[in-house]
Amino acid sequence: LGKQDYKKTRPMLRATRLKAEAKKTAIGVKEVALVLAAILVFLLAFYAFFYLNVSSEVDLDLDPDEN
């Protein structure tokens with residue numbers, strides 16, 4: 001009887017172990033969202049830097065006192 005009980009629970013134990021391992025290695029939605037947010041912030045900062053540089057150069061070129 002002991003061996004029979006062990007054989008019945010062995011697949012269940014294996015399934016539980018596999019489920020736990022899959023949970024450890026799976027990438028969560030939270031981590032993906034954090035990475036995407038970091039990339040978005042970097043791109044926005046990059047865009048803002050160049051936008052401000054170009055807009056200040058254009059303002060200097062359109063000086064009304066030169067005419």
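Tyrosine 47 and tyrosine 51 both sit in helix α2, four residues apart, about one turn of the helix. Helices here are DSSP runs of H or I with at least four residues, strands are runs of E with at least two, and both are numbered from the N terminus. Both tyrosine 47 and tyrosine 51 are exposed, where exposed means over 50% relative accessible area, buried under 20%, and partly exposed in between, with a 1.4 Å probe and protein chains only.

Before I continue, a word on the source: this is a predicted model, in which local features need pLDDT of at least 70 and side-chain atom pairs count only at pLDDT 80 or more, while totals for chains, interfaces and linings use all residues. Residues are numbered from 1 along each chain as its sequence is written, and side-chain values use heavy atoms, with hydrogens and water left out.

Let me turn to the aromatic pairs. The structure holds four of them; rings of Phe, Tyr and Trp (its six-membered ring) pair if their centres lie within 6.5 Å, and planes under 30 degrees apart count as stacked, over 60 as edge-to-face and the rest as tilted. Phenylalanine 42 and phenylalanine 46 have ring centres 6.4 Å apart and planes at 25°, so this pair is stacked. These two residues also lie in helix α2, four residues apart. Phenylalanine 42 is exposed, at 56% relative accessible area, whereas phenylalanine 46 is partly exposed, at 47%. For tyrosine 47 and tyrosine 51, the ring centres are 6.1 Å apart and the planes at 20°, so that pair is stacked as well.

Which phenylalanines are linked into a cluster by ring pairs? They are Phe42, Phe46, Phe49 and Phe50. Phenylalanine 49 belongs to helix α2, which covers residues 29-61, and is partly exposed, with a relative accessible area of 48%.

The four phenylalanines of that cluster also contribute to a nonpolar surface patch of about 1,000 Å², together with Ile27, Val32, Val35, Leu36, Ile39 and Leu43. Patch residues have over 30% relative accessible area and no salt bridge; like charges are joined within 9 Å, and nonpolar side chains (Val, Leu, Ile, Met, Phe, Trp, Tyr) within 5 Å. A salt bridge is a side-chain nitrogen of Lys or Arg within 4 Å of a carboxyl oxygen of Asp or Glu.

An unreviewed UniProt entry places a "transmembrane region" at residues 32-52; such annotations may be inferred rather than shown by experiment. In the model this span is 100% helix, with its end C-alpha atoms 30 Å apart.

Finally, the protein has two helices and zero strands, and buried residues make up 0% of its 67 residues.

Methods. Accessible areas come from the Shrake-Rupley method with a 1.4 Å probe; for residues, only the protein chains shown count as cover.
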